[in-house]
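Subject: Structure for you to look at

Hello,

Here is the structure I said I would pass on. My notes on what was found follow below it.

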Amino acid sequence: MDKAQDSKSWSIRDIIPENHPRKESLLIREKLIEAMEKSILVPQGLIAHGRGECFDYLIGEKTQDFAEKAIEAAAATLLLAKTPVISINGNMAALVPEGLVRLAEETNAKLEVNLFYRDERREKAIAELLYKANAKEVLGVGEDASTVIPELFSQRRRVSPKGIYIADVILLGLEDGDRTEALVKMGKKVIAIDINPLSRTSRSATITIVDNIIRAVPRLVEKVKELKSKNKEELEQIVLNYDNKNVLAESLKFIANRLTQLSLSL
Ligand code: ATP
């Protein structure tokens, strides 16, 4: 059988040359395909990732200053939160399970599975992955998701009464705009990791980290550890000084300037 057809007998890791300029990106795609095979991700998650890859090109595949500012405000907000929750979908679980568990530990946040394409098998597969990454508790699986977020009509309206429903701060990523808007309307502070500054999620979140979740989560863990030495007033000052509209505007200006520079270099 042709190598390209026999996907089980070889691994993409063996065939990408070490010096391939898009090696990392190809390996991440492979990770997502493996997650799909384990029912952690749905095919639509692959398409969402593709949209994100495009924006990573535009921001230069690095955590830029506008993301650093949002990461600092997000870290301070999580440390000040009373009932923080990290909402996890298939893409997040596939890409950064250990980082999310770490972040939950460092901020005393709960982990809750919340899926657009909800089904119990997927919820359990994601929870299992998080437990393997050392999670102590994973909410939102099966009957635990028994409360409903008003104004939402997809399956993501079902949430845990011990988690998202009572949370004051929710961190989410690769999310669609409806739910972000509904959570903000419920009076919750939403920290979104979304590499597309034009998405409805980016525009309606309280704090938007315009960066690849693969880089943003470890950076956020580092920042939380660093800010733990600050007192409540200092953390509140960081949050007060933060302006999400400015940060989104900076990200768009950065992309526009970068494209202009690139066009001049041709
Ligand atoms: P909205 O409804 O908020 O306008 P959307 O319809 O684009 O957004 P989805 O396709 O459901 O939303 O979610 C995917 C979002 O996540 C997109 O904005 C995409 O750019 C972003 N995204 C994809 N991959 C990554 C990644 N690795 N890191 C951060 N963000 C990503």
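Strand β6 (residues 169-173) pairs in the parallel sense with strand β7 (residues 189-193), over five bridges. Within that pairing, L172 has A192 in β7 as its bridge partner.

Before the rest, two notes on the source. This is a predicted model, in which local features need pLDDT of at least 70 and side-chain atom pairs count only at pLDDT 80 or more, while totals for chains, interfaces and linings use all residues. Residues are numbered from 1 along each chain as its sequence is written, and side-chain values use heavy atoms, with hydrogens and water left out.

The sheet

Helices (H or I, at least four residues) and strands (E, at least two) are DSSP runs, numbered from the N terminus. Two strands count as paired if DSSP finds at least two bridges between them. On that basis six strands form an open sheet, in the order β3-β2-β1-β6-β7-β8, with parallel pairing. β3 (138-139) and β8 (207-209) are at the edges with a single partner strand each, so one side of each has no neighbour in the sheet.

β1 and β2 are parallel and share four bridges; S87 has E112 in β2 as its bridge partner. β2 and β3, also parallel, are joined by two bridges, and L111 stands opposite V138 in β3.

Helix α6 (residues 97-107) lies across β1 (85-88), β2 (110-113) and β6, and runs at about 165° to β1. Contact here means heavy atoms within 4.5 Å; axes are lines fitted to C-alpha atoms, for helices over the stretch in contact, and angles run from 0 to 180 degrees between N-to-C directions.

The ligand

Which residues come nearest to the ligand? Of the 17 residues around the ligand (a heavy atom within 4 Å), they are G177, D194, R200, T201 and I213.

- a ligand oxygen atom, 2.8 Å from a polar backbone atom of G177;
- a ligand oxygen atom, 2.9 Å from an N or O atom in the side chain of D194;
- a ligand nitrogen atom, 2.9 Å from an N or O atom in the side chain of N212.

The ligand on its own has 630 Å² of accessible area (Shrake-Rupley method, 1.4 Å probe), and the protein covers 88% of that.

Regards

Definitions and conventions: Polar contact = N/O pair within 3.5 Å; in protein donor to acceptor, adjacent residues only side chain to side chain.
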